Amino acid sequence: MRRRLAPYLLILPGGLWLLVFLVVPMVFMASVSTQEGDVVNGFAQTFRFANYVDALVRFKTQFLRSAGYGLAGTLLAIALAYPMAYWIAFKAGARKSTYLLLVLLPFFVSFVLRTVSWKFLLADDGILLQPLKDTGLLPADFHVLQTAVAVVGGLTYNYLPFMVLPIYVALERVDPRVVEASADLYATRRETFTRVVLPLSLPGVFAGVLMTFVPMTADYVNAAILGGPANTMIGNIIQTEYLVNNDYPAGAALSFTLMAAMLIGIFAYAKALGTENVLEAAVR
Amino acid sequence: MSGPVSPAVPATAAPELGPVRRSRKRWGDRLLYGYTWLILLWLFAPIAVMIAFGFNDTKSKSNVSWQGFTFKWWGRLGDYPDLTTAVVNSITIALLATVVTTVLGTLMGIALGRYRFRGQAATNLVMFAAISSPELVMGASLLSLFISVGVQTGYATVVLAHVLFSVSFVAVTVRARVVGLDRSIEEAARDLGASTWITFWRVTFPMILPGVVSGALLAFALSIDDFVITQFTSGATITFPLWIYGAVRIGVPPQVNILGTLIFAVGVAIAVINSITARRRA
(Lines give C-alpha, C1' and ligand atoms only; values in the text may rest on other atoms or scores of the structure.)
Protein backbone atom coordinates (compact mmCIF):
# COMPACT_ATOMS: atom_id res chain seq x y z
CA MET A 1 0.00 0.00 0.00
CA ARG A 2 2.72 2.46 1.00
CA ARG A 3 4.73 1.50 -2.06
CA ARG A 4 1.76 2.21 -4.31
CA LEU A 5 1.41 5.67 -2.82
CA ALA A 6 5.11 6.51 -2.91
CA PRO A 7 5.33 7.83 -6.51
CA TYR A 8 2.29 10.05 -5.97
CA LEU A 9 3.69 11.52 -2.77
CA LEU A 10 6.98 12.21 -4.53
CA ILE A 11 5.38 13.77 -7.60
CA LEU A 12 2.76 15.78 -5.66
CA PRO A 13 4.66 18.96 -4.64
CA GLY A 14 6.36 19.56 -8.00
CA GLY A 15 3.35 18.37 -9.97
CA LEU A 16 1.03 20.70 -8.09
CA TRP A 17 3.43 23.59 -8.66
CA LEU A 18 3.40 22.94 -12.42
CA LEU A 19 -0.37 22.46 -12.49
CA VAL A 20 -1.19 25.57 -10.46
CA PHE A 21 1.32 27.92 -12.08
CA LEU A 22 1.45 26.58 -15.65
CA VAL A 23 -1.97 25.19 -16.47
CA VAL A 24 -4.20 27.42 -14.31
CA PRO A 25 -2.61 30.70 -15.57
CA MET A 26 -3.44 29.62 -19.13
CA VAL A 27 -7.10 29.37 -18.14
CA PHE A 28 -6.92 32.83 -16.59
CA MET A 29 -5.19 34.23 -19.68
CA ALA A 30 -7.96 32.75 -21.83
CA SER A 31 -10.49 34.47 -19.61
CA VAL A 32 -8.64 37.82 -19.67
CA SER A 33 -8.39 37.67 -23.47
CA THR A 34 -12.17 38.01 -23.84
CA GLN A 35 -12.68 40.71 -21.23
CA GLU A 36 -13.49 44.37 -21.73
CA GLY A 37 -12.55 47.43 -19.73
CA ASP A 38 -9.51 49.41 -18.65
CA VAL A 39 -7.09 49.50 -15.78
CA VAL A 40 -8.84 52.43 -14.04
CA ASN A 41 -12.43 51.18 -14.12
CA GLY A 42 -11.57 47.52 -13.98
CA PHE A 43 -12.08 44.67 -16.40
CA ALA A 44 -15.28 42.68 -16.86
CA GLN A 45 -15.83 39.32 -18.53
CA THR A 46 -18.00 39.95 -21.58
CA PHE A 47 -16.76 37.09 -23.80
CA ARG A 48 -15.75 39.61 -26.40
CA PHE A 49 -14.04 37.32 -28.92
CA ALA A 50 -13.66 40.30 -31.22
CA ASN A 51 -10.53 41.07 -29.15
CA TYR A 52 -8.81 38.42 -31.24
CA VAL A 53 -9.96 39.86 -34.55
CA ASP A 54 -8.94 43.37 -33.46
CA ALA A 55 -5.50 42.19 -32.35
CA LEU A 56 -4.88 40.25 -35.56
CA VAL A 57 -5.93 43.12 -37.78
CA ARG A 58 -3.96 45.74 -35.86
CA PHE A 59 -0.75 43.76 -35.51
CA LYS A 60 -0.71 41.65 -38.67
CA THR A 61 2.59 43.23 -39.75
CA GLN A 62 4.34 42.38 -36.49
CA PHE A 63 3.05 38.81 -36.57
CA LEU A 64 4.33 38.30 -40.11
CA ARG A 65 7.62 40.04 -39.29
CA SER A 66 8.16 37.80 -36.23
CA ALA A 67 7.59 34.69 -38.33
CA GLY A 68 9.99 36.02 -40.98
CA TYR A 69 12.72 36.91 -38.48
CA GLY A 70 12.26 33.57 -36.69
CA LEU A 71 12.52 31.68 -39.96
CA ALA A 72 15.56 33.65 -41.16
CA GLY A 73 17.29 33.25 -37.80
CA THR A 74 16.56 29.52 -37.70
CA LEU A 75 17.88 28.88 -41.23
CA LEU A 76 20.99 30.94 -40.50
CA ALA A 77 21.51 29.00 -37.27
CA ILE A 78 21.32 25.67 -39.14
CA ALA A 79 23.81 26.89 -41.75
CA LEU A 80 26.24 28.15 -39.10
CA ALA A 81 25.80 25.34 -36.57
CA TYR A 82 25.93 22.25 -38.79
CA PRO A 83 29.56 22.41 -39.98
CA MET A 84 30.70 23.25 -36.47
CA ALA A 85 28.73 20.41 -34.86
CA TYR A 86 30.07 18.10 -37.58
CA TRP A 87 33.66 19.04 -36.87
CA ILE A 88 33.24 18.64 -33.09
CA ALA A 89 31.47 15.29 -33.42
CA PHE A 90 33.81 13.68 -35.96
CA LYS A 91 37.15 15.49 -35.78
CA ALA A 92 37.65 17.00 -32.34
CA GLY A 93 38.62 13.64 -30.78
CA ALA A 94 39.54 13.93 -27.11
CA ARG A 95 38.89 17.68 -27.13
CA LYS A 96 35.13 17.24 -27.76
CA SER A 97 34.03 18.19 -24.27
CA THR A 98 36.31 21.24 -24.28
CA TYR A 99 34.72 22.52 -27.49
CA LEU A 100 31.23 21.88 -26.14
CA LEU A 101 32.11 23.84 -23.01
CA LEU A 102 33.38 26.70 -25.22
CA VAL A 103 30.05 26.71 -27.09
CA LEU A 104 28.21 26.98 -23.77
CA LEU A 105 30.46 29.50 -22.02
CA PRO A 106 28.83 32.62 -23.49
CA PHE A 107 25.74 31.51 -21.57
CA PHE A 108 27.44 32.51 -18.35
CA VAL A 109 26.94 36.11 -19.38
CA SER A 110 23.44 37.45 -19.00
CA PHE A 111 21.40 37.25 -22.21
CA VAL A 112 20.54 40.97 -21.96
CA LEU A 113 24.14 41.95 -21.32
CA ARG A 114 25.39 39.98 -24.35
CA THR A 115 22.81 41.71 -26.53
CA VAL A 116 23.82 45.11 -25.14
CA SER A 117 27.45 44.27 -25.96
CA TRP A 118 26.43 43.64 -29.57
CA LYS A 119 24.91 47.09 -29.54
CA PHE A 120 28.33 48.48 -28.49
CA LEU A 121 30.08 46.46 -31.18
CA LEU A 122 27.73 47.49 -33.96
CA ALA A 123 27.27 51.14 -32.92
CA ASP A 124 27.58 53.66 -35.78
CA ASP A 125 30.75 55.06 -34.19
CA GLY A 126 31.72 51.79 -32.49
CA ILE A 127 34.91 49.78 -32.67
CA LEU A 128 33.81 47.77 -35.72
CA LEU A 129 32.27 50.36 -38.01
CA GLN A 130 34.26 53.54 -37.19
CA PRO A 131 37.65 52.20 -38.46
CA LEU A 132 36.02 50.99 -41.67
CA LYS A 133 34.40 54.38 -42.15
CA ASP A 134 37.67 56.23 -41.42
CA THR A 135 39.46 54.27 -44.10
CA GLY A 136 36.64 54.90 -46.55
CA LEU A 137 35.73 51.23 -46.91
CA LEU A 138 32.21 52.07 -45.79
CA PRO A 139 30.18 55.22 -46.44
CA ALA A 140 29.94 57.56 -43.45
CA ASP A 141 26.21 57.05 -43.06
CA PHE A 142 26.42 53.24 -43.07
CA HIS A 143 24.68 51.63 -40.14
CA VAL A 144 23.71 48.18 -38.93
CA LEU A 145 21.81 48.99 -35.76
CA GLN A 146 18.09 49.66 -36.19
CA THR A 147 17.93 47.30 -39.17
CA ALA A 148 16.46 43.84 -39.68
CA VAL A 149 20.01 42.54 -40.18
CA ALA A 150 20.94 43.53 -36.61
CA VAL A 151 17.83 41.88 -35.14
CA VAL A 152 18.16 38.61 -37.10
CA GLY A 153 21.90 38.59 -36.35
CA GLY A 154 21.21 39.03 -32.65
CA LEU A 155 18.59 36.26 -32.65
CA THR A 156 20.94 33.89 -34.47
CA TYR A 157 23.75 34.74 -32.06
CA ASN A 158 21.69 34.27 -28.91
CA TYR A 159 20.13 30.94 -29.89
CA LEU A 160 23.00 29.33 -31.86
CA PRO A 161 24.06 26.91 -29.05
CA PHE A 162 20.51 25.48 -29.00
CA MET A 163 21.12 24.46 -32.61
CA VAL A 164 24.72 23.25 -32.20
CA LEU A 165 24.01 20.91 -29.27
CA PRO A 166 21.14 18.79 -30.70
CA ILE A 167 22.91 18.46 -34.09
CA TYR A 168 26.08 17.44 -32.25
CA VAL A 169 24.18 14.82 -30.23
CA ALA A 170 22.66 13.35 -33.41
CA LEU A 171 25.99 13.27 -35.26
CA GLU A 172 27.74 11.79 -32.26
CA ARG A 173 25.31 8.87 -32.40
CA VAL A 174 26.10 8.03 -36.01
CA ASP A 175 27.84 4.67 -35.91
CA PRO A 176 31.28 5.04 -37.57
CA ARG A 177 30.86 1.52 -38.94
CA VAL A 178 27.93 2.74 -41.03
CA VAL A 179 30.20 5.39 -42.55
CA GLU A 180 32.85 2.74 -43.23
CA ALA A 181 30.29 0.44 -44.77
CA SER A 182 29.19 3.22 -47.10
CA ALA A 183 32.79 3.71 -48.25
CA ASP A 184 33.23 -0.04 -48.65
CA LEU A 185 30.21 0.01 -50.93
CA TYR A 186 32.00 2.55 -53.16
CA ALA A 187 30.21 5.70 -52.12
CA THR A 188 32.22 8.90 -52.59
CA ARG A 189 32.78 11.15 -49.59
CA ARG A 190 30.02 13.43 -50.80
CA GLU A 191 27.60 10.53 -51.29
CA THR A 192 28.45 9.18 -47.84
CA PHE A 193 27.59 12.55 -46.39
CA THR A 194 24.38 13.26 -48.32
CA ARG A 195 22.98 9.71 -48.25
CA VAL A 196 24.19 8.39 -44.89
CA VAL A 197 25.40 11.01 -42.38
CA LEU A 198 22.97 13.81 -43.24
CA PRO A 199 19.77 11.70 -43.04
CA LEU A 200 20.96 10.21 -39.74
CA SER A 201 21.54 13.68 -38.30
CA LEU A 202 18.19 15.14 -39.35
CA PRO A 203 16.41 14.36 -36.04
CA GLY A 204 19.01 16.63 -34.40
CA VAL A 205 18.29 19.39 -36.91
CA PHE A 206 14.55 18.99 -36.25
CA ALA A 207 15.12 19.24 -32.51
CA GLY A 208 17.29 22.30 -33.08
CA VAL A 209 14.58 23.95 -35.17
CA LEU A 210 12.07 23.34 -32.39
CA MET A 211 14.42 24.79 -29.80
CA THR A 212 15.33 27.89 -31.80
CA PHE A 213 12.34 28.85 -33.96
CA VAL A 214 9.82 29.08 -31.09
CA PRO A 215 11.92 31.22 -28.74
CA MET A 216 13.25 33.37 -31.62
CA THR A 217 9.75 34.16 -32.84
CA ALA A 218 8.60 35.07 -29.32
CA ASP A 219 11.74 37.09 -28.52
CA TYR A 220 11.48 40.83 -27.93
CA VAL A 221 14.80 41.66 -26.30
CA ASN A 222 16.83 41.58 -29.55
CA ALA A 223 14.29 43.71 -31.40
CA ALA A 224 14.11 46.18 -28.50
CA ILE A 225 17.89 46.58 -28.13
CA LEU A 226 19.24 46.09 -31.66
CA GLY A 227 16.26 47.05 -33.81
CA GLY A 228 14.35 50.25 -34.32
CA PRO A 229 10.68 51.19 -34.54
CA ALA A 230 10.56 49.52 -37.97
CA ASN A 231 11.67 46.14 -36.57
CA THR A 232 9.27 45.58 -33.66
CA MET A 233 8.18 41.97 -33.24
CA ILE A 234 4.99 40.58 -31.77
CA GLY A 235 6.77 40.08 -28.43
CA ASN A 236 7.43 43.81 -28.17
CA ILE A 237 3.72 44.48 -28.70
CA ILE A 238 2.63 41.94 -26.06
CA GLN A 239 5.16 43.30 -23.59
CA THR A 240 3.96 46.86 -24.20
CA GLU A 241 0.26 45.96 -23.93
CA TYR A 242 0.84 44.16 -20.62
CA LEU A 243 3.46 46.30 -18.91
CA VAL A 244 3.10 49.79 -20.42
CA ASN A 245 -0.46 50.23 -21.75
CA ASN A 246 -2.05 47.92 -19.15
CA ASP A 247 -4.34 46.69 -21.93
CA TYR A 248 -4.42 43.15 -20.58
CA PRO A 249 -7.20 41.78 -22.83
CA ALA A 250 -5.30 42.83 -25.97
CA GLY A 251 -2.04 41.40 -24.58
CA ALA A 252 -3.73 38.13 -23.64
CA ALA A 253 -5.45 37.80 -27.03
CA LEU A 254 -2.12 38.39 -28.79
CA SER A 255 -0.31 35.87 -26.54
CA PHE A 256 -2.96 33.24 -27.23
CA THR A 257 -2.86 33.85 -30.96
CA LEU A 258 0.94 33.56 -30.91
CA MET A 259 0.78 30.35 -28.90
CA ALA A 260 -1.93 28.85 -31.13
CA ALA A 261 0.09 29.66 -34.26
CA MET A 262 3.13 28.02 -32.72
CA LEU A 263 1.22 24.93 -31.58
CA ILE A 264 -0.29 24.46 -35.03
CA GLY A 265 3.17 24.85 -36.54
CA ILE A 266 4.78 22.42 -34.08
CA PHE A 267 2.08 19.79 -34.54
CA ALA A 268 2.13 20.06 -38.33
CA TYR A 269 5.90 19.76 -38.22
CA ALA A 270 5.82 16.86 -35.77
CA LYS A 271 3.09 15.13 -37.78
CA ALA A 272 5.08 15.42 -40.98
CA LEU A 273 8.19 14.00 -39.35
CA GLY A 274 6.72 11.58 -36.80
CA THR A 275 5.58 12.97 -33.45
CA GLU A 276 7.50 10.54 -31.29
CA ASN A 277 10.89 11.31 -32.78
CA VAL A 278 10.57 15.07 -32.69
CA LEU A 279 9.30 15.23 -29.11
CA GLU A 280 11.89 12.77 -27.90
CA ALA A 281 14.71 14.61 -29.62
CA ALA A 282 13.56 17.92 -28.18
CA VAL A 283 13.28 16.70 -24.60
CA ARG A 284 16.66 15.03 -24.69
CA MET B 1 36.75 4.06 -53.95
CA SER B 2 39.70 1.98 -52.80
CA GLY B 3 39.64 -1.12 -50.69
CA PRO B 4 39.21 -2.12 -47.08
CA VAL B 5 39.71 0.15 -44.09
CA SER B 6 43.15 0.04 -42.50
CA PRO B 7 43.07 -1.00 -38.83
CA ALA B 8 45.15 2.02 -37.78
CA VAL B 9 42.21 4.38 -38.35
CA PRO B 10 40.69 5.60 -35.09
CA ALA B 11 37.09 4.57 -34.54
CA THR B 12 35.55 8.00 -35.17
CA ALA B 13 37.55 8.96 -38.28
CA ALA B 14 36.23 8.52 -41.80
CA PRO B 15 37.80 5.65 -43.72
CA GLU B 16 41.18 6.20 -45.34
CA LEU B 17 40.92 7.11 -48.95
CA GLY B 18 44.01 7.07 -51.19
CA PRO B 19 46.81 9.68 -51.27
CA VAL B 20 45.15 12.26 -53.54
CA ARG B 21 41.91 12.12 -51.67
CA ARG B 22 43.68 12.24 -48.35
CA SER B 23 45.23 15.63 -49.05
CA ARG B 24 41.86 16.94 -50.16
CA LYS B 25 40.37 15.53 -47.01
CA ARG B 26 43.01 17.26 -44.88
CA TRP B 27 42.14 20.53 -46.56
CA GLY B 28 38.50 19.99 -45.79
CA ASP B 29 39.31 19.23 -42.17
CA ARG B 30 41.48 22.32 -41.87
CA LEU B 31 38.74 24.41 -43.37
CA LEU B 32 36.22 23.03 -40.88
CA TYR B 33 38.65 23.57 -38.01
CA GLY B 34 39.18 27.21 -38.98
CA TYR B 35 35.45 27.63 -39.44
CA THR B 36 34.71 26.25 -35.97
CA TRP B 37 37.13 28.74 -34.41
CA LEU B 38 35.62 31.56 -36.45
CA ILE B 39 32.20 30.76 -34.98
CA LEU B 40 33.69 30.51 -31.48
CA LEU B 41 35.32 33.92 -32.04
CA TRP B 42 31.90 35.28 -32.98
CA LEU B 43 30.37 33.73 -29.86
CA PHE B 44 33.00 35.34 -27.66
CA ALA B 45 33.18 38.76 -29.37
CA PRO B 46 30.54 40.49 -27.23
CA ILE B 47 31.98 38.93 -24.08
CA ALA B 48 35.42 40.29 -24.90
CA VAL B 49 33.80 43.69 -25.41
CA MET B 50 31.96 43.39 -22.08
CA ILE B 51 35.19 42.61 -20.21
CA ALA B 52 37.23 45.27 -22.03
CA PHE B 53 34.74 48.09 -21.51
CA GLY B 54 34.84 47.55 -17.76
CA PHE B 55 38.32 49.10 -18.06
CA ASN B 56 37.27 51.95 -20.34
CA ASP B 57 38.17 55.43 -19.13
CA THR B 58 34.85 56.84 -20.34
CA LYS B 59 33.94 60.43 -19.47
CA SER B 60 30.17 60.17 -19.81
CA LYS B 61 27.64 57.66 -18.58
CA SER B 62 27.38 56.06 -21.99
CA ASN B 63 30.17 53.56 -22.53
CA VAL B 64 30.39 53.00 -26.28
CA SER B 65 33.74 54.23 -27.63
CA TRP B 66 37.18 53.34 -26.25
CA GLN B 67 38.83 56.23 -24.38
CA GLY B 68 41.76 54.67 -22.58
CA PHE B 69 42.51 52.10 -19.92
CA THR B 70 41.60 52.56 -16.27
CA PHE B 71 41.00 50.55 -13.12
CA LYS B 72 38.93 53.28 -11.47
CA TRP B 73 35.51 51.70 -12.02
CA TRP B 74 36.55 48.66 -9.99
CA GLY B 75 36.87 50.93 -6.98
CA ARG B 76 33.53 52.56 -7.74
CA LEU B 77 31.44 49.41 -8.11
CA GLY B 78 28.92 50.67 -5.57
CA ASP B 79 28.24 54.02 -7.31
CA TYR B 80 24.71 53.00 -8.20
CA PRO B 81 22.93 51.75 -5.05
CA ASP B 82 19.93 50.52 -7.06
CA LEU B 83 22.30 48.48 -9.27
CA THR B 84 23.81 46.90 -6.15
CA THR B 85 20.31 46.10 -4.87
CA ALA B 86 19.45 44.57 -8.25
CA VAL B 87 22.51 42.29 -8.15
CA VAL B 88 21.74 41.25 -4.56
CA ASN B 89 18.13 40.54 -5.60
CA SER B 90 19.31 38.41 -8.54
CA ILE B 91 21.60 36.34 -6.32
CA THR B 92 19.14 35.82 -3.44
CA ILE B 93 16.26 35.03 -5.82
CA ALA B 94 18.47 32.50 -7.62
CA LEU B 95 19.50 30.88 -4.30
CA LEU B 96 15.93 30.65 -2.99
CA ALA B 97 14.56 29.38 -6.30
CA THR B 98 17.38 26.83 -6.56
CA VAL B 99 16.68 25.37 -3.12
CA VAL B 100 12.94 24.96 -3.75
CA THR B 101 13.47 23.76 -7.35
CA THR B 102 16.08 21.20 -6.35
CA VAL B 103 13.88 19.66 -3.65
CA LEU B 104 10.75 19.51 -5.84
CA GLY B 105 12.64 18.45 -8.96
CA THR B 106 14.61 15.72 -7.20
CA LEU B 107 11.44 14.19 -5.76
CA MET B 108 9.83 14.26 -9.21
CA GLY B 109 12.93 12.81 -10.84
CA ILE B 110 13.00 9.90 -8.37
CA ALA B 111 9.29 9.18 -8.89
CA LEU B 112 9.62 9.29 -12.68
CA GLY B 113 12.81 7.26 -12.81
CA ARG B 114 11.90 4.59 -10.30
CA TYR B 115 8.17 3.91 -10.49
CA ARG B 116 5.57 3.22 -13.16
CA PHE B 117 2.35 4.86 -12.16
CA ARG B 118 -0.92 6.16 -13.52
CA GLY B 119 -0.49 9.76 -14.63
CA GLN B 120 3.15 9.35 -15.59
CA ALA B 121 2.50 10.21 -19.24
CA ALA B 122 0.50 13.28 -18.20
CA THR B 123 3.34 14.41 -15.92
CA ASN B 124 5.82 14.01 -18.77
CA LEU B 125 3.57 16.03 -21.05
CA VAL B 126 3.22 18.90 -18.57
CA MET B 127 6.99 18.91 -18.02
CA PHE B 128 7.56 19.00 -21.75
CA ALA B 129 5.13 21.93 -22.00
CA ALA B 130 6.99 23.74 -19.22
CA ILE B 131 10.33 23.27 -20.99
CA SER B 132 9.14 24.14 -24.48
CA SER B 133 6.56 26.89 -24.07
CA PRO B 134 7.92 30.34 -24.92
CA GLU B 135 8.91 32.42 -21.91
CA LEU B 136 6.81 35.28 -23.19
CA VAL B 137 3.62 33.19 -23.05
CA MET B 138 4.54 31.82 -19.61
CA GLY B 139 5.18 35.32 -18.27
CA ALA B 140 2.02 36.77 -19.80
CA SER B 141 -0.17 33.96 -18.46
CA LEU B 142 1.32 34.23 -14.96
CA LEU B 143 0.70 37.97 -14.94
CA SER B 144 -2.89 37.31 -16.13
CA LEU B 145 -3.35 35.01 -13.13
CA PHE B 146 -1.85 37.49 -10.65
CA ILE B 147 -3.97 40.35 -12.00
CA SER B 148 -7.18 38.28 -11.97
CA VAL B 149 -6.64 36.99 -8.44
CA GLY B 150 -5.32 40.33 -7.20
CA VAL B 151 -1.85 39.20 -6.14
CA GLN B 152 0.74 41.99 -5.96
CA THR B 153 3.71 41.05 -8.18
CA GLY B 154 7.18 41.35 -6.66
CA TYR B 155 10.03 39.38 -5.13
CA ALA B 156 7.87 36.38 -4.12
CA THR B 157 6.16 36.03 -7.49
CA VAL B 158 9.57 36.11 -9.23
CA VAL B 159 10.84 33.25 -7.04
CA LEU B 160 7.62 31.33 -7.73
CA ALA B 161 8.02 31.80 -11.50
CA HIS B 162 11.70 30.81 -11.47
CA VAL B 163 10.85 27.56 -9.67
CA LEU B 164 8.17 26.95 -12.31
CA PHE B 165 10.44 27.20 -15.34
CA SER B 166 13.41 25.28 -13.89
CA VAL B 167 11.77 22.43 -11.95
CA SER B 168 11.30 20.27 -15.07
CA PHE B 169 14.98 20.60 -16.00
CA VAL B 170 16.02 19.34 -12.55
CA ALA B 171 13.47 16.49 -12.72
CA VAL B 172 14.81 15.39 -16.13
CA THR B 173 18.44 15.53 -14.93
CA VAL B 174 17.71 13.53 -11.77
CA ARG B 175 15.52 11.04 -13.63
CA ALA B 176 18.41 10.23 -16.00
CA ARG B 177 20.61 9.46 -12.99
CA VAL B 178 17.94 7.34 -11.25
CA VAL B 179 17.29 5.29 -14.39
CA GLY B 180 21.00 4.54 -14.66
CA LEU B 181 21.26 3.25 -11.07
CA ASP B 182 22.24 -0.32 -10.26
CA ARG B 183 19.33 -1.50 -8.11
CA SER B 184 21.27 -4.49 -6.79
CA ILE B 185 23.33 -2.20 -4.53
CA GLU B 186 20.14 -1.05 -2.77
CA GLU B 187 18.96 -4.65 -2.50
CA ALA B 188 22.30 -5.57 -0.94
CA ALA B 189 21.87 -2.78 1.64
CA ARG B 190 18.40 -4.06 2.49
CA ASP B 191 19.65 -7.64 2.72
CA LEU B 192 22.21 -6.42 5.22
CA GLY B 193 19.40 -5.10 7.39
CA ALA B 194 19.19 -1.41 6.44
CA SER B 195 15.74 0.16 6.67
CA THR B 196 14.15 1.93 3.67
CA TRP B 197 15.07 5.30 5.18
CA ILE B 198 18.70 4.36 5.89
CA THR B 199 19.02 2.76 2.45
CA PHE B 200 17.85 5.95 0.80
CA TRP B 201 20.13 8.34 2.67
CA ARG B 202 23.24 6.16 2.88
CA VAL B 203 23.05 4.37 -0.49
CA THR B 204 20.60 5.82 -3.00
CA PHE B 205 21.02 9.53 -2.35
CA PRO B 206 24.83 9.57 -2.59
CA MET B 207 24.53 7.76 -5.93
CA ILE B 208 22.07 10.27 -7.42
CA LEU B 209 23.85 13.28 -5.86
CA PRO B 210 25.81 14.19 -9.05
CA GLY B 211 22.49 14.48 -10.90
CA VAL B 212 21.03 16.59 -8.11
CA VAL B 213 24.07 18.89 -8.09
CA SER B 214 24.08 19.47 -11.84
CA GLY B 215 20.31 20.05 -11.72
CA ALA B 216 20.81 22.63 -8.97
CA LEU B 217 23.57 24.39 -10.94
CA LEU B 218 21.32 24.48 -13.99
CA ALA B 219 18.44 25.92 -11.94
CA PHE B 220 20.73 28.62 -10.50
CA ALA B 221 22.07 29.52 -13.96
CA LEU B 222 18.56 29.69 -15.47
CA SER B 223 17.32 31.86 -12.63
CA ILE B 224 20.16 34.39 -12.51
CA ASP B 225 19.99 34.95 -16.29
CA ASP B 226 16.25 35.10 -16.76
CA PHE B 227 14.84 38.30 -18.16
CA VAL B 228 11.49 37.74 -19.85
CA ILE B 229 9.51 35.92 -17.15
CA THR B 230 11.12 38.09 -14.51
CA GLN B 231 10.02 41.26 -16.28
CA PHE B 232 6.41 40.06 -16.33
CA THR B 233 6.32 38.92 -12.70
CA SER B 234 8.58 41.40 -10.91
CA GLY B 235 6.37 44.44 -10.27
CA ALA B 236 8.66 46.98 -8.58
CA THR B 237 11.44 44.47 -7.82
CA ILE B 238 14.53 44.96 -10.00
CA THR B 239 17.06 42.23 -10.86
CA PHE B 240 20.43 42.59 -12.62
CA PRO B 241 19.16 41.86 -16.16
CA LEU B 242 16.17 44.15 -15.60
CA TRP B 243 18.45 46.98 -14.45
CA ILE B 244 20.63 46.66 -17.56
CA TYR B 245 17.59 46.62 -19.84
CA GLY B 246 16.27 49.76 -18.16
CA ALA B 247 19.65 51.49 -18.52
CA VAL B 248 20.14 50.77 -22.25
CA ARG B 249 18.46 53.94 -23.43
CA ILE B 250 20.30 56.32 -21.06
CA GLY B 251 23.62 54.48 -21.30
CA VAL B 252 25.03 51.45 -19.53
CA PRO B 253 27.77 52.42 -17.03
CA PRO B 254 31.10 50.47 -16.85
CA GLN B 255 30.05 49.04 -13.47
CA VAL B 256 27.59 46.80 -15.32
CA ASN B 257 30.45 45.43 -17.43
CA ILE B 258 32.49 44.70 -14.31
CA LEU B 259 29.61 42.97 -12.52
CA GLY B 260 28.91 40.98 -15.70
CA THR B 261 32.59 40.01 -15.84
CA LEU B 262 32.56 38.88 -12.20
CA ILE B 263 29.42 36.75 -12.69
CA PHE B 264 30.98 35.31 -15.87
CA ALA B 265 34.20 34.44 -14.00
CA VAL B 266 32.31 32.69 -11.19
CA GLY B 267 30.19 30.78 -13.73
CA VAL B 268 33.25 29.67 -15.71
CA ALA B 269 35.02 28.59 -12.52
CA ILE B 270 32.03 26.49 -11.42
CA ALA B 271 31.64 24.95 -14.90
CA VAL B 272 35.34 24.05 -15.09
CA ILE B 273 35.39 22.57 -11.56
CA ASN B 274 32.20 20.64 -12.34
CA SER B 275 33.60 19.17 -15.56
CA ILE B 276 36.92 18.27 -13.92
CA THR B 277 35.27 16.49 -10.97
CA ALA B 278 32.84 14.79 -13.36
CA ARG B 279 35.80 13.48 -15.38
CA ARG B 280 37.56 12.29 -12.22
CA ARG B 281 34.43 10.49 -11.06
CA ALA B 282 34.15 8.76 -14.42
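At 18% relative accessibility, B:L32 counts as buried, because the cut-off for burial is under 20% relative accessible area. The model is a predicted one. B:L32 sits in helix α1 of chain B, which runs over residues 19-52. Beyond its neighbours within four places in sequence, B:L32 is in contact with A:P83, A:Y86 and A:W87. These partners belong to chain A.

The size of an interface is often given as the accessible area lost when the parts come together. For chain B and chain A, the buried area is about 8,000 Å². Carbon and sulfur atoms account for 79% of this area. The count of salt bridges between the two chains is 1. A salt bridge joins the side chains of A:K91 and B:D29, at 3.3 Å from N to O.

B:Q255 lies in helix α11, residues 254-281 of chain B. With neighbours within four places in sequence set aside, B:Q255 is in contact with B:W73, B:R76, B:L77, B:D79, B:Y80 and B:L83. These partners are in chain B.

In an unreviewed UniProt entry, "transmembrane region" is assigned to several spans of chain B, including residues 91-113 and 228-246. Residues 91-113 of chain B are 100% helix and 0% strand. The end C-alpha atoms of this span lie 31 Å apart. Residues 228-246 of chain B are 68% helix and 0% strand. There the end C-alpha atoms are separated by 13 Å.

For chain A, an unreviewed UniProt entry places "domain: ABC transmembrane type-1" at residues 63-269. The span is 76% helix and contains 0% strand. Its end C-alpha atoms lie 19 Å apart.

Chain A also carries a nonpolar patch on the surface. The patch is formed by A:L12, A:L16, A:L19, A:V20, A:V23 and A:V24. Together these residues have about 440 Å² of accessible area. One of them, A:L12, lies in helix α1 of chain A, residues 2-32. A:L12 is partly exposed, at a relative accessible area of 46%.

How values were computed. Residues are numbered from 1 along each chain as its sequence is written. Chains are lettered from A and ligands numbered from 1 in the order in which they are written. This is a predicted model: local features need pLDDT of at least 70, side-chain atom pairs count only at pLDDT 80 or more; totals for chains, interfaces and linings use all residues. Side-chain values use heavy atoms; hydrogens and water are left out. UniProt positions are given in the numbering used here, feature names are shortened, and annotations may be inferred rather than shown by experiment. Helices (H or I, at least four residues) and strands (E, at least two) are DSSP runs, numbered from the N terminus. Patches are made of residues with over 30% relative accessible area and no salt bridge: like charges are joined within 9 Å, nonpolar side chains (Val, Leu, Ile, Met, Phe, Trp, Tyr) within 5 Å. Accessible areas come from the Shrake-Rupley method with a 1.4 Å probe; for residues, only the protein chains shown count as cover. A salt bridge is a side-chain nitrogen of Lys or Arg within 4 Å of a carboxyl oxygen of Asp or Glu. Buried means under 20% relative accessible area, exposed over 50%, partly exposed in between (1.4 Å probe, protein chains only). Buried area is the accessible area (1.4 Å probe) that two parts lose on being put together, summed over both. Contact means heavy atoms within 4.5 Å.
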